[in-house]
Amino acid sequence: MNIKESYKIMKRSFLSRLQLGGWYYLPGALLLLLGVPIYQLVVLNPSNYNAVLRAQSSNHFAIYLVWINTHPLQYIVYRILLIAAFALLLTLPFNLFRVIVAQEIVDQQEQAEDELDESEDEDEDEANESEQAGEDGMPPYAWRGKGFAVIAAWAGLIGLLTYILGAVIGTIYVVAASKGVTSTSVPSSFAILYNIFSLMSNTVGIGLVALSTLFFGALIARRGRNLWPTVWILFGYTALAVAALLSGSAVATAGAPSEQATLTTPAFLLFALWVLWYSIMLIRLKPE
């Protein structure tokens with residue numbers, strides 16, 4: 001068994017895992033791209049939610065809390081849709097990491113076959129290594145020498161977890177704080193806690209997702225046609241644009257955590273399109 005054949009055995013063991021990930025990311029992307037905006041348009045906007053947000057951005061939190069107290073179900077469903085969209089993407093950073101590592105491995109093995117005639121013993125060692133691949137189908141220590149990919153994977157995972165945690169805690173707190181609030185009374189600590197949860201989700205969480213997307217895009221764009229098909233190269237460059245918008249949104253939120261940054265909506269929509277693109281490519285993967 002030569003190197004390429006052993007790699008193909010390994011590849012089949014995680015190809016189905018990659019495709020399964022694509023089926024998870026597809027509804028997450030569609031929720032973020034269509035579900036949340038349509039819900040805002042059809043359900044929230046007729047209830048004057050936009051006007052409430054404008055009042056909130058002027059630190060008129062009383063109006064914001066009164067609206068939530070009178071429309072708790074609409075608000076909770078909206079937040080659940082947003083949280084669910086990001087929760088469905090939790091495995092995406094390490095899934096993309098595996099794709100990048102696998103592509104690097106296949107390139108290295110093809111170069112080795114072109115340059116060397118491997119001995120039978122070396123072939124057996126390589127086959128044994130493939131047989132010892134982990135549950136995710138990757139060979140042992142596949143991450144070695146791929147520091148930026150590892151950083152991108154962990155930054156993405158931690159960023160998504162931070163966003164979800166901040167959004168969940170923030171939603172629970174806001175709904176609880178809205179009980180009994182009048183148009184002239186707001187809990188004294190509300191503004192501070194609200195800003196903390198906003199910074200947690202929209203600055204720290206989204207900032208880490210932006211860093212992850214930047215590194216992934218740079219890794220793909222750097223190798224270009226030497227390693228990737230054209231559609232993946234375009235995907236990599238799009239990741240750089242996504243990272244720019246997400247980081248701009250994170251920085252804007254850091255400066256005014258009580259307001260929704262202007263870049264947040266286009267950043268989320270472009271991020272959703274990028275994830276949708278990725279999920280479709282995964283679903284369409286075919287064994288060689």
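Which residues are buried in α10? They are T264, A267, F268, F271, A272, W274, V275, L276, Y278, S279, M281 and L282. Buried means under 20% relative accessible area, exposed over 50%, and partly exposed in between, with a 1.4 Å probe and protein chains only.

This is a predicted model: local features need pLDDT of at least 70, side-chain atom pairs count only at pLDDT 80 or more, and totals for chains, interfaces and linings use all residues. Residues are numbered from 1 along each chain as its sequence is written, and side-chain values use heavy atoms, with hydrogens and water left out.

Start with the overall plan. The protein has 10 helices and 0 strands. Both are DSSP runs numbered from the N terminus: helices are H or I with at least four residues, strands are E with at least two. Of the 288 residues, 46% count as buried. Contact means heavy atoms within 4.5 Å. Among contacts with a separation of 6 or more, 84% join residues 24 or more positions apart.

Back to α10. Its end C-alpha atoms are 28 Å apart. That agrees with expectation, because 20 residues at 1.5 Å a residue should span 28 Å. The expected span is 1.5 Å times one less than the number of residues.

Next comes the core. A nonpolar core is a set of buried Ala, Val, Leu, Ile, Met, Phe, Trp, Tyr and Cys residues joined through side-chain atoms within 4.5 Å. The largest one has 72 residues. F86, F271 and Y278 have the most contacts inside it. Helix α7 gives the most to this core, with 11 residues. In soluble globular proteins, nonpolar side chains tend to be buried together.

Leaving aside neighbours within four places in sequence, F271 is in contact with L32, F86, L89, V209, T213, V242 and L246. N95 is found in helix α5. It is buried, with a relative accessible area of 3%.

A241 is partly exposed, because its relative accessible area is 37%. Its C-alpha atom is 9.2 Å from that of T213, 28 residues apart along the chain.

On a 1 Å grid over the protein atoms alone, a cavity is a set of points where a 1.4 Å probe fits but cannot get out. A pocket is an open set with protein on both sides within 12 Å along at least five of seven lines. Lining residues have an atom within 4 Å of a point. The structure holds 2 cavities of 30 Å³ or more. About 90 Å³ of space lies in the largest cavity. Its lining includes F271, T213 and W274. Helix α8 gives the most to that lining, with 4 residues. The lining has 8 nonpolar, 3 polar and no charged residues. Ala, Val, Leu, Ile, Met, Phe, Trp, Tyr, Cys and Pro count as nonpolar, Asp, Glu, Lys and Arg as charged, and the others, Gly among them, as polar.

The largest pocket holds about 850 Å³ of space. Of its 38 lining residues, the closest to its centre are Y49, L53, Y78, Q260 and T264. Helices α1, α2, α4, α7, α8 and α10 each give two or more residues to this lining. By class, the pocket lining divides into 19 nonpolar, 16 polar and 3 charged residues. Both volumes are the space filled by probe spheres set on the grid points, which are joined across faces, edges and corners.
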